[in-house]
Amino acid sequence: MRLEKIIQIFLILGLIGCSNKENNIVIINGKVKGKQPENIEYTTPINGKWFYGNKKSIEPDSIGKFKIEIDSKKPSFVTLYVMGKASGILLIEPGKFYNVNFDLSSKDKKFVVTSQDSLSQNFYNTLPSPDFYMIGLNQFYKDSVPSEISSKISEFREKEISKFDKLFKQGKISKQYHKLALLDRNVYYKSLETGAASILLRKLLIEEKTKKIDELKKYWDKKINITELNQIEYESSPWFYTLVYNSIWYNLFSSEKPDADDMEKMHETAERMRFNIDEAKKYLKGETLEYYLASFIFLQSWQTKDNSKEIIKIYDNFKKEHTSNPYNEYIATSIKPIIDFHKKIESEPTNDKIQIVENKENIDTFDELIKTLQGKKVFVDVWGTWCGPCKKELQQKDKYSKLLKSKKITTLYICEGNNSKEKVWNEMINFYELEGYHILANEKLVADIIEKFGKNDSFGYPRYLLVDENGKVVNSQASYPSNIEQLEKEINENYMW
């Protein structure tokens, strides 16, 4: 009898354990409408934290359906991507189901959630996406009065928070959803305010406007306190990394008043990376520090301007100091290409089919540049050495080079020279063996390209164009080389054969 009771107890405990594990599983059912992508990418939270480096992918079936399962013990954020086409974010809760739709044929709402909390989820997808940049910053730092900037930011924050408050009162979202949504919005707007403050302060330092500097510091020093960021709950927001990063730079500009030339030099070298690491260690600790450093190292390895060997050293130190960190496997994957990069450029000779455009320093307009290749069909790749998506597309070189050669199309690589260093540019075109013509665009040429092909002074990298034998642009927004079938279709449609 006693044995039977013991067995029953173990069975009950086992069932409870199974039930808890099953209740952690989040299921995302999706459908893609339009041209079917090769796969859907999505971030997976690590201990409830949104980490861009932990991306996985899934291939939709023949009619565009896909199913994602995530084991998550905490409410967290997940971002889904159809690369180069659309993205969407979900605030997930353990044990819940979500239905999402990518409509790639739509101009506006390309990502729509149709789950029980769809009102809130779809509202979230009208907000800036957390991919480590502050897309909403421009509208604030143009003001010079700190109180006006803060007032505008507070107005936006309260408007968004009131939306989530209303949905919670109506029973449309759960208590834990509401709590995480409010925390995320607060972290986002703190990031925005700190970013605006640091940019303004740097601008005033360069202009040496002492009185305005003192006024700005007097106001924002009371509001920006990096020591407050050592709170684990802040890490639940995808904007936590940006908040810490912006706070570090505000502290520098606020305390040291560095020389403008020194700031510029530091920004362009490995010293900037070491500075960020050292400063973070002053203010953060434990899992909070570990998460920030992992995010910083991953981002720098993915989007470093110079494939710097310094990031390899920083990563090695991180592994030693945080031996059991959960981010290591993801960072290692992004560090490996930098290691391979240096091995290759140090050991292999230059490809003689890589041609630098003659007189490149004096070419100031796109039309002047294209004239140097008149009589040729040209595939134009506008890129930057700092651009992660550009590098990803360059890895498709063998595939699209074969297509272009079969069509007798010449490749012209225009690297923007405002933020790309010549040494790194030379290294990269040789590392990827980019056969064709190359130019490191000067400031005037970059400005001309943005004016001709950008939108509202905005220009996204990479960018691809098709130009005919007469120098006429026949497609100003050609498909990414990774979408080789669509690119071939556009080539066949846009050229006279």
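The structure holds 29 aromatic pairs, a pair being two rings of Phe, Tyr or Trp (its six-membered ring) whose centres lie within 6.5 Å, with planes under 30 degrees apart counted as stacked, over 60 as edge-to-face and the rest as tilted. Tyrosine 219 and tryptophan 220 give one example: their ring centres are 5.7 Å apart and their planes stand at 80 degrees, so the pair is edge-to-face. Tyrosine 219 is partly exposed at 28% relative accessible area, whereas tryptophan 220 is buried at 0%; here buried means under 20%, exposed over 50% and partly exposed in between, computed with a 1.4 Å probe on protein chains only. Ring pairs also link Trp50, Phe51, Tyr52, Tyr81, Phe240, Tyr291, Phe298, Tyr327 and Tyr330 into a cluster.

The model is a predicted one, in which local features need pLDDT of at least 70, side-chain atom pairs count only at pLDDT 80 or more, and totals for chains, interfaces and linings use all residues. Residues are numbered from 1 along each chain as its sequence is written, and side-chain values use heavy atoms, with hydrogens and water left out.

Two lysines meet aromatic rings through their charged ends. Lysine 55 has its charged end over the ring of tyrosine 81, 4.2 Å from the centre, and tyrosine 81 is itself a member of the ring cluster. The charged end of lysine 163 sits over the ring of phenylalanine 123, at 5.5 Å from the ring centre. The criterion is that NZ of Lys or CZ of Arg is within 6 Å of the ring centre and within 35 degrees of the ring normal.

On the level of the whole chain, there are 18 helices and 14 strands, taken as DSSP runs (helices H or I, at least four residues; strands E, at least two) numbered from the N terminus. Of the 497 residues, 50% are buried. Among contacts (heavy atoms within 4.5 Å) with a separation of 6 or more, 70% come from residues 24 or more positions apart.

Six strands build an open sheet of mixed pairing, ordered β9-β12-β11-β10-β13-β14, where two strands pair if DSSP finds at least two bridges between them. Strands β9 (354-356) and β14 (473-475) stand at the edges with a single partner each, so one side of each has no neighbour in the sheet. On average, neighbouring strands are turned by 30 degrees against each other, direction ignored. Antiparallel pairing over two bridges joins β13 (residues 463-467) to β14, with valine 467 and valine 473 as bridge partners. Helix α16 (residues 422-431) lies across β9, β10 (377-383), β11 (409-416) and β12 (436-441), and runs at about 160 degrees to β12. Axes are lines fitted to C-alpha atoms, for helices over the stretch in contact, and angles run from 0 to 180 degrees between N-to-C directions.

Glutamate 93, in the loop between β6 (86-92) and β7 (97-103), is buried at 1% relative accessible area. Its side chain makes a polar contact of 2.8 Å with that of glutamine 176; such a contact is a pair of N or O atoms within 3.5 Å, where within protein one must be able to donate a hydrogen and the other to accept it, and residues adjacent in sequence count only if both atoms are side-chain atoms. Cysteine 390, placed in helix α14 (residues 388-394), is also buried, with 1% relative accessible area. Leaving aside neighbours within four places in sequence, cysteine 390 contacts Trp383, Gly384, Tyr461 and Pro462.
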